[in-house]
Amino acid sequence: MIRHITGADNVENGGVLDPSQVRHGVITGMKISDVAGLIDPFTHLNLDHADHLMYKVVVAERLEEGAAVLMDEGRFMTALVHPAAYHHYGAVDMVARRVQWKEVFQK
């Protein structure tokens with residue numbers, strides 16, 4: 001499962017300091033086994049695209065492959081995205097964005 005992950009240095013008092021510094025990643029064996037690009041604010045922090053808002057993220061020691069995921073009472077430690085991080089960016093054409101993503105990926 002792909003998750004939203006950030007490093008412990010981007011968390012304070014249970015909140016994400018800079019949501020633009022969250023990446024997509026995969027966790028295997030309590031460690032980040034794969035890490036991809038930064039989240040897209042136009043989809044993840046866009047009040048006009050509420051179906052895809054990012055509310056909380058998993059916290060790892062560092063935001064890099066091989067870093068351990070932090071635990072809290074037997075579960076992944078998470079941090080919340082502060083409501084002030086969300087903005088109105090307008091409608092998002094997800095079909096067009098997927099086409100763009102595939103073109104970049106194929107290069």
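Visitor: How much space lies in the second largest pocket?

Guide: In this predicted model, about 170 Å³ of space lies in the second largest pocket. A pocket here is an open set of points, on a 1 Å grid over the protein atoms alone, where a 1.4 Å probe fits, with protein on both sides within 12 Å along at least five of seven lines; lining residues have an atom within 4 Å of a point. The volume is the space filled by probe spheres set on the points, which are joined across faces, edges and corners.

The second largest pocket is lined by Met1, Ile2, Arg3 and His4, by Lys56, Val57 and Val58, and by Phe76 and Thr78. Two strands (DSSP runs of E, at least two residues, numbered from the N terminus) each give two or more residues to this lining: β1 (2-7) and β6 (56-60). By type, the lining holds five nonpolar residues, two polar and two charged. Here Ala, Val, Leu, Ile, Met, Phe, Trp, Tyr, Cys and Pro count as nonpolar, Asp, Glu, Lys and Arg as charged, and the others, Gly among them, as polar.

For comparison, the largest pocket has about 580 Å³ of space. Of the 14 residues that line the largest pocket, His24, Asp40, His44, His52 and Trp101 are the closest to its centre. β5 (31-38), α1 (41-44) and α2 (94-106) each give two or more residues to that lining, a helix being a DSSP run of H or I of at least four residues. The largest share, six residues, comes from α2. Five nonpolar, six polar and three charged residues make up the lining of the largest pocket.

Residues are numbered from 1 along each chain as its sequence is written. In this predicted model, local features need pLDDT of at least 70 and side-chain atom pairs count only at pLDDT 80 or more, while totals for chains, interfaces and linings use all residues; side-chain values use heavy atoms, leaving out hydrogens and water.
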